[in-house]
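Please keep the model open while you read this note. Each point takes up one part of the fold.

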Amino acid sequence: MAECDVVESDVELADGSGLHVYDTGDGGSGDGLVVFWHHGTPNIGAPPEPLFPAAARLGIRWVSYDRPGYGGSGSRPGRDVASAAADVRAVADTLGIGRFAVMGHSGGAPHALACGALLPERVIGVVGVAGLAPYGAEGLDWFGGMTESGAAALRAAAEGRAAKEAYEATAAYDPEMFTPADHEALAGEWSWFGDVVGPAMASGPGGLIDDDLAYVAPWGFDPTRIAAPVLLLHGGEDRVVPDSHARWLAGRCPTAELRPSPPDGHVSVLRSGGPEALEWLAGVAGTAR
């Protein structure tokens, strides 16, 4: 794996709260593509090390942050998905970054879409990997195809904070949410997820609870209004977020391209499609210049 130094810092927001930020830097050139990484649930925001070799080859600088309630970022109960756009703007402004791309995996994908919709003057391209469609989306069986445990966790969130907190008090890890391909990826280079899940839960499930409540509430933006190019990657065997969510988004977002990966699950799709997604972003960036 390519060596890459990650500098961590804290950005203070206008309301006095803070975000813990990760930045691989630009080597002093200042002219490379910046990609904001949006992490899944429950993760901290460290950028995806298994994709560092591809990013280094393409001259990509990773910037990311712990969503509120995770890691070093203060909690913000009641936050919606749209709030990610203001957070990213604050981080970009602090670091002197003008235009950039966004990439999110799983629960991070809706947050990446929020940036595409609400920061049209800044976002040049959006990648969503294994991401959800809006809750209650017309024509979509939102829970259809999810594992029993995954659907139960989100149904609890739909009942409100008290029900979600009660659910998480007794929830246990369900290995059946992942396919054999996922488990193979998690046993290999994507064992990196162990480095970001543990710290995310070290202080309890608060960040996870806030995430799930946001997914099943109004998102605060319309993903079909994104003007920048959008690439959706999704595994055909995904048990966490069924690929019907990606098909719904692709059918309604005019700028979206869907790249299905029939044999992949929720994690293995990153292994098979992640490097190519970065190449796609680099191509979009070249066109935008």
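Between which two elements does the loop with S106 lie? The points below start there.

1. S106 lies in the loop between β5 and α3. Helices (H or I, at least four residues) and strands (E, at least two) are DSSP runs, numbered from the N terminus. The phi of S106 is near 60 degrees, a positive value in a residue other than glycine. S106 is buried, with a relative accessible area of 10%. Here buried means under 20% relative accessible area, exposed over 50%, and partly exposed in between (1.4 Å probe, protein chains only).

2. A word on the source. This is a predicted model, in which local features need pLDDT of at least 70 and side-chain atom pairs count only at pLDDT 80 or more, while totals for chains, interfaces and linings use all residues. Residues are numbered from 1 along each chain as its sequence is written, and side-chain values use heavy atoms, with hydrogens and water left out.

3. A130 also deserves a look. A130 sits in the loop between β6 and α4. Its phi is positive, about 55 degrees, although A130 is not a glycine. A130 counts as buried, at 0% relative accessibility.

4. A search of the whole structure finds one cavity of 30 Å³ or more. The largest cavity has a volume of about 50 Å³. On a 1 Å grid over the protein atoms alone, a cavity is a set of points where a 1.4 Å probe fits but cannot get out; a pocket is an open set with protein on both sides within 12 Å along at least five of seven lines; lining residues have an atom within 4 Å of a point. Grid points are joined across faces, edges and corners, and a volume is the space filled by probe spheres set on the points.

5. What lines the largest cavity? The lining includes A109, A130, H234 and A246. The largest share, three residues, comes from β7. α3, β6 (123-129), β7 (230-235) and α9 each supply at least two residues. By class, the lining has eight nonpolar, three polar and no charged residues. Ala, Val, Leu, Ile, Met, Phe, Trp, Tyr, Cys and Pro count as nonpolar, Asp, Glu, Lys and Arg as charged, and the others, Gly among them, as polar.

6. Helix α9 spans residues 244-252 and contains S244. S244 is buried, with a relative accessible area of 16%. S244 touches L140 and G144, not counting residues up to four places away in sequence. Contact means heavy atoms within 4.5 Å.

7. Now the largest pocket. Its volume is about 970 Å³. Of the 34 residues that line this pocket, the closest to its centre are T41, P42, M177, F178 and L208. The lining divides into 20 nonpolar, ten polar and four charged residues. The largest share of the lining, four residues, comes from α4.

8. P42 is in the loop between β3 and α1 (52-58).

9. F178 is in the loop between α5 and α6 (180-187). Is F178 buried or exposed? F178 is buried, with a relative accessible area of 14%. Its contacts include Y173, H183, R239 and H266.

10. In α4, the buried residues are A151, A153, L154, A156 and A157. They pack against α5 and α8. G160 follows α4 and has a positive phi, near 120 degrees.

11. Helix α2 (residues 83-95) has 13 residues and reaches 19 Å from its first C-alpha to its last. That is close to the 18 Å expected at 1.5 Å a residue; the expected span is 1.5 Å times one less than the number of residues. The buried residues of α2, among them D87 and V88, pack against β2, β3, β4, β5 and α3. Just after α2, G96 takes a positive phi of about 70 degrees.

12. Last, the core. The largest nonpolar core has 90 residues, of which F36, W62, F100, M103 and L278 touch the most other members. Helix α10 (residues 268-288) gives the most to this core, with eight residues. A nonpolar core is a set of buried Ala, Val, Leu, Ile, Met, Phe, Trp, Tyr and Cys residues joined through side-chain atoms within 4.5 Å. L278 touches L51, A54, A55, L58, I60, W62 and M103, not counting residues up to four places away in sequence.
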